[in-house]
Amino acid sequence: MPTLKYQKDDFIIKNLDANINANYNLGQEQVIDTVNRRYNWFGDFIAYDTPGGEQNYTHLKFKDNNGLLNASFNYKIDAKHAFSLSNVYTTFDRKQENELRPNDDIYDQPQKTFKNILGLSYQFTEENWSTTIFTKNYNQINTFDQRYNPSGDYGDVAYFEKRDAFNFFGYGAAGSYFITSDFQLKASFERSYRLPSPQELYGDGGIVLEGNTDLDPEHSNNYNLGASYWKAFENGNQFNIDGNVFYRDAKDFIRPKLNQNQILQTQDNLQDVTNIGVELEASYIYKNNFRMGLNFTYQNLRNNTQFVDGEASESIVYKDRLPNIPYAYGNGNASYTFHDPFNKKNTLNLGYNLLYVYSFYRYWPSLGSTSGGGKYEIPEQIAHDLNLTYNMERFTFTLECRNLLDKRLYDNFSLQKPGRSFSGKIRYSF
């Protein structure tokens, strides 16, 4: 991945600062599924005599070429007034072939995406308050294949190249006010757009994601109101707490769901979704030794689509909580650093992490019966991680244990994660 970074103060004119980052990722992957077996988590399997794979009989090779150019220019007129101009340009181009079906035309079809997001903002700063107004232009072009039947005969498939182009303008404003030197209020509003990613459009080669080229960009009105409080004490203690209340009104909301065969995850648009929630974060530092932090999020994602296209009656999942998305979750962490444990230049750090996710439904909560087992629920999850890091002058040794108590943890769609694991890492600095 070749990378370029450029920074310059007083770029061309005085008080104009430039920051440019660019990279191009030349990646190659392959998916090999040529053994017709069914495995469990212990490595046991059942073998079948017929040709096939565990999921899809394939030996797919694909190259994903990703480009990124991020440029920002900041111009400070004086102590109160400043302008910022930024541009993020990304490209994606996938080439693929299936060694088991080298003559299949589907693997020769283009899968390309171009995105460009241009932003301009103005900031006004006073002694104890500041405000920012901004606008953004979102541009995306997707190029891919569209299959059709040229003759009308069963099995006759051909492709033509399709090009989808989107262009939107967003805008917003943000402000903050210091009531005291250690207490700040913050508020913001944004008319925002979320452009689909290449993986959402084209999948990941059939591993766990199936692409959906019919995805539309998601757009939303986002409101935030928050507060921050921090306090530093003379004995070296520091305390900080942040809180934020948010409301989202989204159209064409992009959400995960299972594909038609209930095997792979895909993305889909939901016409109208609202979300109201709260985010809390707190941290405490004692001198230069002990640190701890907590964060928690609650979000009430609701389906606000009353009538589905083509249907006269109200949707039976209208006002339902969105399925397969956690709505209450949090993390905790604590660490203690021993300075000069065996040598004056060395440090020993002991760390602990906590993961918590409240239970949520795999499908729509209104569907299915709890008594008949028709409601699939991802259960509440609690996991503990431990880590130890020893820093020497040039060497760093790290040991980590994840899911210490070997609890059952799940991804979306009840996909069980591996259990307790141990890992180690050694780093040497020249």
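Strands β11 and β12 pair in the antiparallel sense over 14 bridges, where strands are DSSP runs of E with at least two residues, helices are runs of H or I with at least four, both numbered from the N terminus, and two strands pair if DSSP finds at least two bridges between them. This is a predicted model, in which local features need pLDDT of at least 70 and side-chain atom pairs count only at pLDDT 80 or more, whereas totals for chains, interfaces and linings use all residues. Residues are numbered from 1 along each chain as its sequence is written, and side-chain values use heavy atoms, with hydrogens and water left out.

Within the pairing of these strands, H219 has K251 in β12 as its bridge partner. The hairpin of β11 and β12 has 4 residues between the strands, and G236 in that hairpin takes a positive phi near 100 degrees.

The structure holds 13 salt bridges, a salt bridge being a side-chain nitrogen of Lys or Arg within 4 Å of a carboxyl oxygen of Asp or Glu. In general terms, side chains of opposite charge can pair when their charged atoms come close. One of the salt bridges joins the side chains of E200 and R194, with an N to O distance of 2.9 Å. E200 is buried at a relative accessible area of 13%, while R194 is partly exposed at 31%; the classes are buried for under 20% relative accessible area, exposed for over 50% and partly exposed in between, with a 1.4 Å probe and protein chains only.

R194 also forms a salt bridge with E218, the closest N and O atoms of this pair being 3.9 Å apart. This pair links distant parts of the chain, with E218 in strand β11 (residues 218-232) and R194 in strand β10 (residues 183-194), 24 residues apart. E218 is buried, with a relative accessible area of 10%.

## The K251 and D272 pair

K251, the bridge partner of H219, forms a salt bridge with D272 in which the closest N and O atoms are 2.9 Å apart. Here too the pair links distant parts of the chain, K251 belonging to strand β12 (residues 237-258) and D272 to strand β13 (residues 265-286), 21 residues apart. K251 counts as partly exposed at 29% relative accessibility, whereas D272 is buried, with a relative accessible area of 13%. Salt bridges that share partners join R194, E200 and E218 into one network.

## Individual residues in loops and strands

Two residues other than glycine have a positive phi in loops. K319, with phi near 75 degrees, is found in the loop between β14 (290-303) and β15 (328-339) and is partly exposed at 44% relative accessibility. N403, with phi near 55 degrees, lies in the loop between β20 (395-402) and β21 (421-428) and is buried, with a relative accessible area of 4%.

F42 lies in the loop between β3 (37-39) and β4 (45-47) and counts as exposed at 74% relative accessibility. The C-alpha atoms of F42 and G277 are separated by 40 Å, the two residues being 235 residues apart along the chain. T58, in strand β5 (residues 58-76), is buried at a relative accessible area of 6%. Not counting residues up to four places away in sequence, T58 touches V31, I32, D33, T34, N98 and L100, a contact meaning heavy atoms within 4.5 Å.

## The chain as a whole

The protein chain has 1 helix and 21 strands, and its C-alpha trace spans about 80 × 55 × 50 Å along its principal axes. Buried residues make up 33% of the 430 residues in the chain. Among contacts with a separation of 6 or more, 58% are between residues 24 or more positions apart.

The accessible surface of the protein chain comes to about 26500 Å², of which 53% belongs to carbon and sulfur atoms, with areas from the Shrake-Rupley method and a 1.4 Å probe, and with only the protein chains shown counting as cover for residues.
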